[in-house]
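Me: I would like to work through a structure with you, taking each feature in turn and learning how it should be read.

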Amino acid sequence: MATCATGCAPAVRLCQRLNRLKTLDDDMMATSLKRCLSTLDLTLLGVGGMVGSGLYVLTGTVAKDMVGPAVVISFLFAGIASLLAAFCYAEFGARIPKVGSAYMFTYVSVGEIWAFLIGWNVILENMIGGAAVARAWSGYLDSIFNHSIQNFTQTHIMQWDVPFLAHYPDLLAAGILVVASFFISFGVQVSSYLNHIFSVISMAVIAFILVFGFMLADPINWSQKEGGFAPFGLSGILSGSATCFYAFVGFDVIASSSEEAKNPQKAIPIATAISLAIATTAYILVSMVLTLMVPWHSLDPNSALADAFFRRGYSWAGIIVAVGSICAMNTVLLCNLFSLPRIVYAMSEDGLFFSFFARVNPITKVPVNAILVFGTLMATMALIFDLEALVQFLSIGTLLAYTFVAASVIVLRFQPDKTSAKGTSSTSPNPAAAPSPVALETQTITDGAGEMKEYESFSDKLQLVERSESQERRGVGELRARWELYLGRVVGDFEPGEVVAFSVLAMMVSAVSLCAVVEFGRSQLQLPLWSFVTLLGIFSVAYLGSLLLIWAHEPQRNQKTFQVPLVPLVPGLSILMNVFLMLKLSALTWVRFAIWIAIGLCVYFGYGIWHSKEGMRELQPKDMAARYVVLPSGSLVETVQSVQPDGQVDASAHHANNSTTPTTTAAEQPGRT
């Protein structure tokens with residue numbers, strides 16, 4: 001047994017290093033960036049990230065090829081589904097107002113390597129997304145001038161026929177990304193002002209589309225004569241909802257900006273809710289106008305709105321729509337270029353990525369190196385690559401980030417706050433950092449039965465009058481009293497929060513299994529009906545059982561910041577939905593995803609794990625810890641001792657009582673406790 005323990009020790013230490021959690025500072029508002037964004041700024045950032053090219057392109061594509069006029073219902077379902085993920089981001093953005101978004105949220109609750117992989121995927125997602133929007137912007141502008149830019153480039157510059165590369169270099173797309181990166185490097189206020197301008201123009205054009213479009217609406221286009229309201233049935237509506245879901249992925253820019261918000265505790269949830277409501281309303285009303293103006297089966301998928309006005313004889317209105325679409329794409333470009341450098345900065349600041357990107361310009365207060373380098377990389381991708389084959393890759397990174405954020409909400413909600421070695425109060429916003437027990441302020445008291453009990457801080461000692469009432473209440477992460485009789489023998493001996501963490505893992509595994517059976521059981525796997533139903537029942541029971549086991553524990557209450565309602569139900573449904581959408585992606589997308597993950601693991605094990613600031617913090621000398629001891633006479637004696645490993649706690653305490661001269665406090669008066 002000793003040999004086995006010795007041989008397993010390196011593997012255990014490696015697992016501990018891979019799953020170490022980020023320790024947040026005591027002052028959550030301290031930052032090297034500039035806090036200057038208001039609720040309005042954040043709201044317009046969210047609207048700009050969601051209401052972009054999808055409004056002008058996606059509505060026509062989904063309506064013609066997948067749903068018909070029922071695209072209205074698809075956008076409604078997609079908006080509700082996006083709200084589940086948005087709730088989770090809003091809670092974290094308000095509770096942990098730091099840059100990094102999903103990366104940071106995963107780091108403080110799940111573990112380091114998982115956070116790195118989430119951040120690694122979000123980086124690629126933003127790069128491909130920004131480059132794809134830039135090419136769409138270039139193509140839309142080129143179409144206004146009858147493709148003269150493309151013809152000139154192919155004739156006078158160059159063209160090639162190479163797999164995975166564009167047929168010609170898109171100089172216009174690369175140029176707009178370089179110019180946008182240049183403006184964003186001037187500071188967050190410049191980025192915010194530009195986003196304000198383009199967002200206002202875009203929303204004004206949307207208002208014009210709605211007013212003028214409803215004037216041209218013809219209800220006969222929804223009649224049975226044109227195929228009816230839902231020609232593809234319920235399955236078409238659900239498939240359309242899965243596609244429409246990706247139109248709302250831009251709301252995470254709000255959480256990414258939380259470290260630059262003036263009052264993130266209030267601004268993040270409000271901005272998330274308002275921007276998502278505006279985006280959902282815009283998508284629903286515009287798709288309604290579009291399918292009422294012209295028959296859904298005659299829509300032009302590439303420029304549905306502009307073409308609809310042209311076909312109704314209002315070419316001047318089509319030009320206005322084209323201007324609005326270009327402004328909307330500008331806002332999406334700004335949001336991508338705004339979010340990407342801040343995620344890179346957060347990873348570099350933690351030591352998981354190259355420190356060169358962690359430098360902040362002292363004047364503009366933005367990570368200029370990350371902005372310029374990744375802006376150039378994004379421009380290069382837009383210049384030479386054919387991004388149509390890679391666009392679907394965006395979805396898997398986004399859905400994976402949503403899944404981990406939802407799981408992190410559950411873990412943190414049922415994890416007790418713990419005091420750090422610096423003496424942070426129990427309301428610290430970093431409940432995930434679990435320091436060694438001996439690094440805490442502890443105190444020992446003797447109850448009436450002569451049993452010694454320890455409390456984590458001196459404030460607990462001052463509240464011993466309410467000890468009997470406190471014992472009746474369950475702590476955070478502990479089993480609720482009403483379930484003690486049924487589950488106490490099974491899970492009662494675990495540490496607070498441990499059962500919830502295992503239940504979240506079981507819930508994610510059962511969600512993947514359940515969705516796999518639903519998606520592939522009757523098609524690729526060709527399971528018999530009895531086997532299909534049996535597996536469906538087993539994994540459904542496992543999923544619901546995990547939710548119920550989580551619910552049977554005490555959550556955190558009375559938080560001053562926004563909290564997701566109905567936990568664990570809302571995050572659990574978000575996880576189930578995200579996993580289902582991930583399994584609907586193509587096999588080629590999963591192959592690309594695996595390759596990108598492999599590259600990320602090489603970066604992490606080659607650089608990140610050795611330069612992690614959390615790892616360096618573990619190697620630093622331990623702090624001193626104060627220990628309060630209540631003597632039988634009722635007096636309080638304070639001793640100071642260095643922090644020892646867990647196995648030496650008792651020995652060090654004994655040594656401190658014998659060899660350390662106690663410091664008598666003002667409370668060392670008989671009878672005063």
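Me: What should I keep in mind before reading any values?

Reply: This is a predicted model, in which local features need pLDDT of at least 70 and side-chain atom pairs count only at pLDDT 80 or more, while totals for chains, interfaces and linings use all residues. Residues are numbered from 1 along each chain as its sequence is written, and side-chain values use heavy atoms, with hydrogens and water left out.

Me: How many helices and strands are there in the protein?

Reply: Helices (H or I, at least four residues) and strands (E, at least two) are DSSP runs numbered from the N terminus; the protein has 25 helices and 5 strands.

Me: What share of the residues is buried?

Reply: Buried means under 20% relative accessible area, exposed over 50%, and partly exposed in between, with a 1.4 Å probe and protein chains only. Of the 673 residues in the protein, 52% are buried.

Me: At what angle do α3 and α4 pack?

Reply: Axes are lines fitted to C-alpha atoms, for helices over the stretch in contact, and angles run from 0 to 180 degrees between N-to-C directions. Helix α3 (residues 53–67) packs against helix α4 (residues 71–95) at about 115°, with the axes 10 Å apart, and the two are therefore roughly perpendicular (65 to 115 degrees; under 35 is roughly parallel, over 145 roughly antiparallel, the rest oblique).

Me: Which residues of α3 and α4 meet?

Reply: Contact means heavy atoms within 4.5 Å; T59, V62, A63 and V67 in α3 meet V71, S74 and F75 in α4. By class, this contact of α3 with α4 has 5 nonpolar, 2 polar and no charged residues, where Ala, Val, Leu, Ile, Met, Phe, Trp, Tyr, Cys and Pro count as nonpolar, Asp, Glu, Lys and Arg as charged, and the others, Gly among them, as polar.

Me: How far apart are the axes of α2 and α12?

Reply: The axes of helix α2 (residues 39–50) and helix α12 (residues 264–293) lie 8 Å apart, and the helices pack at about 35°. Their contact has 12 nonpolar, 4 polar and no charged residues.

Me: Is N195 buried or exposed?

Reply: N195, found in helix α9 (residues 188–215), counts as buried because its relative accessibility is 1%. Leaving out residues up to four places away in sequence, N195 touches L44, L45, G48, T331, L334 and C335.
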